[in-house]
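Here is a friendly walk through one structure, with a focus on ring pairing and charged side chains. Have the sequence and the 3D view open as you read.

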Amino acid sequence: ARFRAAQTRLHQLAGEQGVAAVLEALVKHYKLDPEDADLRRFLEMAIGFVSVDALAAHLMEFSDSIVYDERAEAVALSTLHAAKGLEFPVVFLAGLEEGLLPLAPRVAKADNELCQHLEEERRLCYVGMTRAIDTLYFSWCSRRPLPGQAREARQPSRFLAELPDRLLTPPPQAGAQADKRKPGIRQLTLFS
């Protein structure tokens, strides 16, 4: 009966304050170290979920894609959803274009639904940006073919315009880099 009552309280807490509040309550109950890096990463990942069931489904679905070994010298490709809780020295956010991030809804939405959709897309963009420890690169295409469509002009994401100018630095110029290269040096391959 005590277990069932505790379970009911946790489900109510999840409904009122979200999954992260439930996990924080469990951390306190079991006297876990809230400063543990893995636990902090897990709690941060849980913030975006509206139910315990949704979090459990996510963990089951992406269990193989969440594994990341910091000791490996490799490029990690990830979706924004799977990157929750991970951090990298350098992050490239590609496709910051209207229609991709924020993703254009496939069906017409009412104004309030569209606002909710844009807020969720903004949160996903924030997740991607906060994965970078040292350097964050944004990229977008001026023209891109989308599935089932002809190559069309693209506009940079509205989320880029929301970033304060003082936080942005211009990218290195390709021409300046090319002039400084030493002849005879070739790029090493990452994979043999």
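## An exposed ring and its partner

Phe 92 counts as exposed, because its relative accessibility is 62%; here buried means under 20% relative accessible area, exposed over 50%, and partly exposed in between, with a 1.4 Å probe and protein chains only. Please keep in mind that this is a predicted model, in which local features need pLDDT of at least 70 and side-chain atom pairs count only at pLDDT 80 or more, while totals for chains, interfaces and linings use all residues. Residues are numbered from 1 along each chain as its sequence is written, and side-chain values use heavy atoms, with hydrogens and water left out.

How many aromatic pairs does the structure hold? It holds one. The partners are Phe 92 and Tyr 137, which are stacked at 4.7 Å centre to centre with 10° between the planes. To pair, rings of Phe, Tyr and Trp (its six-membered ring) need centres within 6.5 Å; planes under 30 degrees apart count as stacked, over 60 as edge-to-face and the rest as tilted. Phe 92 sits in strand β1 (residues 88-93) and Tyr 137 in strand β2 (residues 132-138), so the pair ties together parts that are 45 residues apart in sequence. Strands (E, at least two residues) and helices (H or I, at least four) are DSSP runs, numbered from the N terminus.

## A nonpolar patch

Tyr 137 counts as partly exposed, at 34% relative accessibility. Together with Val 90 and Phe 92, Tyr 137 makes a nonpolar surface patch of about 310 Å². Patches are made of residues with over 30% relative accessible area and no salt bridge; like charges are joined within 9 Å and nonpolar side chains (Val, Leu, Ile, Met, Phe, Trp, Tyr) within 5 Å. The areas come from the Shrake-Rupley method with a 1.4 Å probe, and for residues only the protein chains shown count as cover.

## Salt bridges

A search of the whole structure finds eight salt bridges, each being a side-chain nitrogen of Lys or Arg within 4 Å of a carboxyl oxygen of Asp or Glu. In one of them, Arg 144 meets Glu 97, with the closest N and O atoms 2.6 Å apart. This pair links distant parts of the chain, 47 residues apart: Arg 144 is in strand β3 (residues 143-145), and Glu 97 is in the loop between β1 and α5 (111-129). Arg 144 is partly exposed at 21%, whereas Glu 97 is buried at 0% relative accessibility. A network of salt bridges links Glu 97, Arg 144, Glu 152 and Arg 154.

Arg 122 has a salt bridge to Glu 119 (2.5 Å, N to O). These two are three residues apart in helix α5, so about one helical turn separates them. Arg 122 also bridges to Glu 162 (2.6 Å, N to O). Glu 162 lies in the loop between α6 (158-161) and α7 (174-180) and Arg 122 in helix α5, so the pair ties together parts 40 residues apart in sequence. Arg 122 is partly exposed at 25%, as is Glu 119 at 36% and Glu 162 at 44%.

Glu 121 is placed in helix α5. Leaving aside residues up to four places away in sequence, Glu 121 touches Leu 100, Leu 101, Pro 102, Leu 103 and Phe 159, where contact means heavy atoms within 4.5 Å.
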